[in-house]
Amino acid sequence: MKKFVNDPADVLAEALRGIHAAHPELRIDTENRVILRGEPTREGKVALVSGGGSGHEPLHGGFVGRGMLDAAAAGEVFTSPTPDQVLAATQAVDSGAGVLHIVKNYTGDVLNFEMAAELAAAEGVRVESVVVADDVAVQDSTWTAGRRGTGTTVILEKIVGALAEEGADLDAVAALARRVSDSGRSMGVALTSCTVPAVGHPTFELPEDEMEVGVGIHGEPGRTRVKLATAHEIAKLMVDPIVHDFGEAVGPAIVLLSGLGGTPLIEQYLLYGEIAPLLAEAGVDVQRVLVGDYITSLDMAGASLTVVKADDEFLRLWDAPVVTPGLRWGA
């Protein structure tokens with residue numbers, strides 16, 4: 001294993017120290033391992049809290065800032081944050097207007113965020129939650145009951161963060177979050193495994209001439225393992241299940257193609273060049289697109305495609321200013 005580490009047990013703590021050094025506009029609660037905006041939540045603004053296991057950067061800490069999240073709880077690598085971490089994040093950003101928890105559908109995340117919401121409610125903090133379950137690859141997986149939560153999370157945090165920034169109340173923010181969640185579908189493909197620093201070897205074995213179709217962002221098995229294909233063939237393996245799952249004409253959409261951590265950007269753009277015409281042929285009218293590393297799996301070579309059906313409100317809020325380490329425009 002070749003990685004930039006000192007002690008594998010200290011990766012998260014030392015990474016948070018690096019985030020603080022690189023982004024002094026953010027606050028880092030080192031005790032609870034929470035990344036927060038530098039300024040307190042303004043009075044009357046609904047706060048957005050997300051989080052999950054580390055190793056998916058820039059998700060979630062890289063999306064803390066104006067126009068997106070107010071706080072992100074960072075669990076150990078591929079490990080859910082504890083209820084106490086989520087509670088600390090919730091308490092730190094509540095300004096009286098309530099807090100929305102944005103949760104990816106993994107059993108540990110769901111249970112720990114639920115417990116944190118109950119603890120916060122007992123202290124008088126109103127919390128609403130949305131669970132993102134957009135991965136069409138499999139119905140149940142290693143760490144989930146139901147579909148896994150993947151790339152729609154990024155798009156949801158941007159759209160809903162913009163509405164919260166405008167001063168909408170908690171009911172409106174939560175309702176929009178559920179609409180975005182219901183509108184998204186994702187599909188991933190892995191060319192290699194990933195290596196968790198504390199483990200020191202690949203999570204799974206994948207021969208040089210094979211790829212995993214429908215892989216999860218922790219290396220969970222996908223739909224099938226097949227022989228390595230061309231970029232054109234891989235694009236079709238990603239697009240077809242998403243289009244089929246919608247079951248109707250998609251129309252206007254926001255599209256995210258995220259590398260999984262070990263795929264060069266030139267290959268990501270090459271792959272999107274194959275994906276774009278397939279989406280158009282299937283009736284997906286791409287209005288906005290992101291290509292790059294936005295939700296990753298450590299050093300896994302691969303990519304994940306997300307398509308979110310987008311109405312005018314989604315697009316307006318997507319275009320609103322955002323200032324975070326991972327996304328920045330219009331400011």
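In the predicted model, the chain of 331 residues has a radius of gyration of 19 Å, which agrees with the value near 20 Å that a compact globule of this length would have. Along the principal axes, the C-alpha atoms fill a box of roughly 55 × 50 × 35 Å. Of the 331 residues, 54% count as buried. Among contacts between residues at least 6 apart in sequence, 74% join residues at least 24 apart. Eight helices and 14 strands are found in the chain.

Six of the strands form an open sheet with mixed pairing, in the order S9-S8-S7-S12-S10-S11. Strands S9 (224-227) and S11 (284-292) stand at the edges; each has a single partner strand, so one side of each is left without a neighbour in the sheet. On average, neighbouring strands of this sheet are turned by 20° against each other, direction ignored. Within the sheet, S7 (residues 184-190) pairs with S12 (residues 302-309) in the antiparallel sense, over seven bridges. Here Arg 185 stands opposite Val 307 in S12. Helix H7 (residues 265-281) packs on the sheet and touches strands S10 (251-259), S11 and S12. The direction of H7 makes about 170° with that of S11.

Helix H5 comprises 13 residues (170-182), which at 1.5 Å a residue should span 18 Å; the end C-alpha atoms of H5 are 18 Å apart, which agrees. The buried residues of H5 are Leu 170, Val 173, Ala 174, Leu 176, Ala 177, Val 180 and Ser 181. These residues cover an arc of only 160° around the axis, which puts them on the same side of H5. In an α-helix there are 3.6 residues a turn, so residues three or four places apart point the same way.

Definitions and conventions: Residues numbered from 1 in each chain as written. Predicted model: local features only at pLDDT ≥ 70, side-chain atom pairs only at ≥ 80, totals over all residues. Heavy atoms only, no water. Pairing = 2+ DSSP bridges. Helix = DSSP H or I, 4+ residues; strand = E, 2+ residues; numbered from the N terminus. Axes fitted to C-alpha atoms, helices over the stretch in contact; angles between N-to-C directions. Contact = heavy atoms within 4.5 Å. Expected span 1.5 Å × (residues − 1). Buried < 20%, exposed > 50% of the residue type's maximum accessible area, 1.4 Å probe, protein only. Arc of directions from axis to C-beta. Rg over C-alpha atoms; globule rule 2.2 N^0.38 Å.
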